[in-house]
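Subject: Structure handover

Hi there,

Here is the structure I promised to pass on to you. Please open it first, and then read the notes that follow.

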Amino acid sequence: MARKSHVQTTINGETVEFLCESRQSLLEVLRDELYLTGAKEGCNNGNCGACSVILDGRLVNSCLVLGVETEGKSVETIEGLAEPDKLHPIQDAFLENAALQCGICTPGFIMSAKALLDSNPNPTEHEIRYWLAGNLCRCTGYDKIVKAVMDAAKETSA
Amino acid sequence: MQDFSYVNAQTLSEAVALLDENGEKARILAGGTDLIVNVREARRDVDLMIDVKSIPEVNVLDYDANTGLTLGAAVECYKIYAVDAICDAYPGLIDATKIIGGTAIQGRAGVGGNLCNASPAADCIPPLIVLNATCVIAGPNGERELPVEQFCTAPGQTALEKGEMLVSLKIPAPASNSSSFYLRFIPRNEMDIAVVGAGASVTLDDAKQTIVSARIALAAVAPTPLFAQDASASLVGREVSEAAIDDAAEAAQAIARPISDMRGTAEQRTHLVGVLTRRALNGAIQRIRD
């Protein structure tokens with residue numbers, strides 16, 4: 001059996017310790033070890049963005065990060081976004097704009113949108129479309145997602 | 001995914017010693033956007049990943065208008081295009097760093113990894129070639145340097161010998177009246193692999209009319225990215241004109257030896273070399289004049 005490493009990291013502001021094999025991706029650690037199943041496995045090769053999380057402030061595909069690489073780092077996932085009694089403005093905007101249908105891509109899109117608005121509070125539609133190019137959605141046709149992010153930007157930068 | 005060990009190396013000498021001890025089944029892990037996929041899909045047999053991101057030398061991002069750029073091998077794309085002075089000095093390299101994958105890929109992937117992955121279609125390699133980049137390589141016998149156009153030897157293969165790793169890339173300071181440009185053809189707007197890529201750097205005289213020097217490089221038309229030496233030399237001393245650009249494009253087409261695959265036919269690729277070479281040269285010239 002493969003040897004496991006002890007890893008300590010911060011996830012959504014809380015210190016978390018886990019054991020994982022070197023070959024386990026951050027996505028596998030989140031879902032299978034920590035039961036944070038918001039990040040989704042789509043392509044598992046960096047094309048679809050369903051597993052998007054924010055690592056030390058930067059958007060990454062968690063399927064392309066090893067769990068052991070997150071020692072001492074900070075991870076933000078979809079689970080950390082809403083307050084107990086209040087959705088995050090991006091989540092509200094997705095609901096208001098009907099920016100999801102099946103929903104499997106949604107946590108990735110929302111984390112990607114959050115990373116965008118964290119770094120650029122007033123993006124243009126063009127900037128939003130390019131920023132989100134690494135997130136695939138097979139239901140919505142993207143327009144409603146882009147509109148939701150534009151609305152969220154208005155809300156959060158107001 | 002196959003089982004492997006992971007070491008977070010702290011120094012170059014530690015990483016080099018591990019590479020040397022473990023041979024071909026040890027691989028350097030930087031951004032992991034190619035390596036992790038290749039191991040997961042069983043295209044590479046790896047039993048040790050050596051994470052180099054804690055090693056200071058591979059994280060250097062230092063630009064000086066007199067001495068040029070030192071770009072650590074593990075510096076992620078997004079850090080490079082965040083520095084205005086680097087964007088101004090090497091726009092052709094910036095063109096490439098902004099089109100490698102999407103935002104999440106650019107948060108992990110770097111120019112050094114793109115080079116070491118040695119894909120014939122790598123977007124960063126033509127700009128490195130036209131910008132005269134030098135590879136700084138560390139190994140069991142110390143450091144050596146290699147011009148970037150000699151680094152890739154075959155698809156996925158590099159000039160790195162046993163125990164060697166890429167530390168950084170050195171790019172000379174741009175000459176006055178010079179600029180660079182990179183573009184690729186893909187059938188959509190984003191998130192794709194080049195059918196053909198072309199990079200150019202051009203230096204003009206003070207009147208911005210005559211070409212003092214030029215370098216052209218191509219991706220995805222041979223087993224490795226190509227430096228188009230004759231095409232580049234053909235421009236030296238000529239006035240900027242459609243004829244001069246056309247002659248260079250034709251010379252670039254002459255060295256392309258593309259294959260036909262799912263992304264395009266050899267005939268289409270050869271045609272594209274002409275189109276993209278013209279656009280890259282005109283793009284670089286336009287940037288000098290703007």
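To get you started: which residue in β4(A) is the bridge partner of A:Leu55? The partner is A:Arg58. Before going further, please keep in mind that this is a predicted model.

That bridge belongs to the pairing of β3(A) with β4(A), which is antiparallel and counts 4 bridges. Helix α3(A) packs on the sheet there, where it touches β3 and β4 of chain A, and its direction makes about 35 degrees with that of β3(A).

The sheet of chain A is open and has 5 strands, ordered β2-β1-β5-β3-β4, with mixed pairing. At its edges you will find β2 (14–21) and β4 (58–61) of chain A, each of which pairs on one side only. On average, neighbouring strands of this sheet are turned by 40 degrees against each other, direction ignored.

Next, the domains. Chain A is divided in two, with domain 1 covering 4–80 and domain 2 covering 89–157. Taken over C-alpha atoms, the centres of these two domains of chain A are separated by 21 Å. Where they meet, 12 residues of domain 1 of chain A are in contact with 12 residues of domain 2 of chain A. Strand β3 (residues 52–55) of chain A supplies 3 residues, the largest share of the side of domain 1 that touches domain 2.

Which of its residues are buried? In α5(A) these are A:Ile145, A:Ala148, A:Val149, A:Ala152 and A:Ala153. Because they cover an arc of only 140 degrees around the axis, they sit on the same side of α5(A). As a reminder, an α-helix has 3.6 residues a turn, so residues three or four places apart point the same way. The buried residues of α5(A) pack against α2 (89–96), α3 (106–119) and α4 (125–131) of chain A.

One residue of α3(A) to look up is A:Leu117, which has its place in that helix. A:Leu117 has 21 other C-beta atoms within 10 Å, and 20 or more are needed to count as buried, so A:Leu117 is buried. Leaving aside neighbours within four places in sequence, A:Leu117 is in contact with A:Ala152, A:Ala153 and A:Thr156. A:Leu117 and A:Ser157 are 40 residues apart in sequence, and 8.8 Å apart in space from C-alpha to C-alpha.

Now over to chain B. Here 5 strands form an open sheet in the order β4-β5-β10-β6-β7, and the pairing is antiparallel. The edges are taken by β4 (61–64) and β7 (142–147) of chain B; each has a single partner strand, so one side of each is left without a neighbour in the sheet. From one strand to the next, the twist averages 20 degrees.

Strands β4(B) and β5(B) form a hairpin with 3 residues between them. They run antiparallel and are joined by 4 bridges, and B:Tyr63 has B:Leu69 in β5(B) as its bridge partner. Strand β5 (residues 68–72) of chain B also pairs with β10 (residues 165–171) of chain B, in the antiparallel sense and over 4 bridges. There, B:Thr70 has B:Lys170 in β10(B) as its bridge partner. Finally, helix α1 (residues 12–22) of chain B lies across β6 (134–139) and β10 of chain B, running at about 130 degrees to β10(B).

Happy exploring!

How values were computed:
Residues are numbered from 1 along each chain as its sequence is written. Chains are lettered from A and ligands numbered from 1 in the order in which they are written. This is a predicted model: local features need pLDDT of at least 70, side-chain atom pairs count only at pLDDT 80 or more; totals for chains, interfaces and linings use all residues. Two strands pair if DSSP finds at least two bridges between them. Helices (H or I, at least four residues) and strands (E, at least two) are DSSP runs, numbered from the N terminus. Axes are lines fitted to C-alpha atoms, for helices over the stretch in contact, and angles run from 0 to 180 degrees between N-to-C directions. Two residues are in contact if their C-beta atoms, placed from the backbone, lie within 7 Å. A residue is buried if 20 or more other C-beta atoms lie within 10 Å of its own, exposed if 12 or fewer, and partly exposed in between; C-beta atoms are placed from the backbone. The arc is that of the directions from the helix axis to the C-beta atoms. Domain bounds come from an automatic or database domain assignment.
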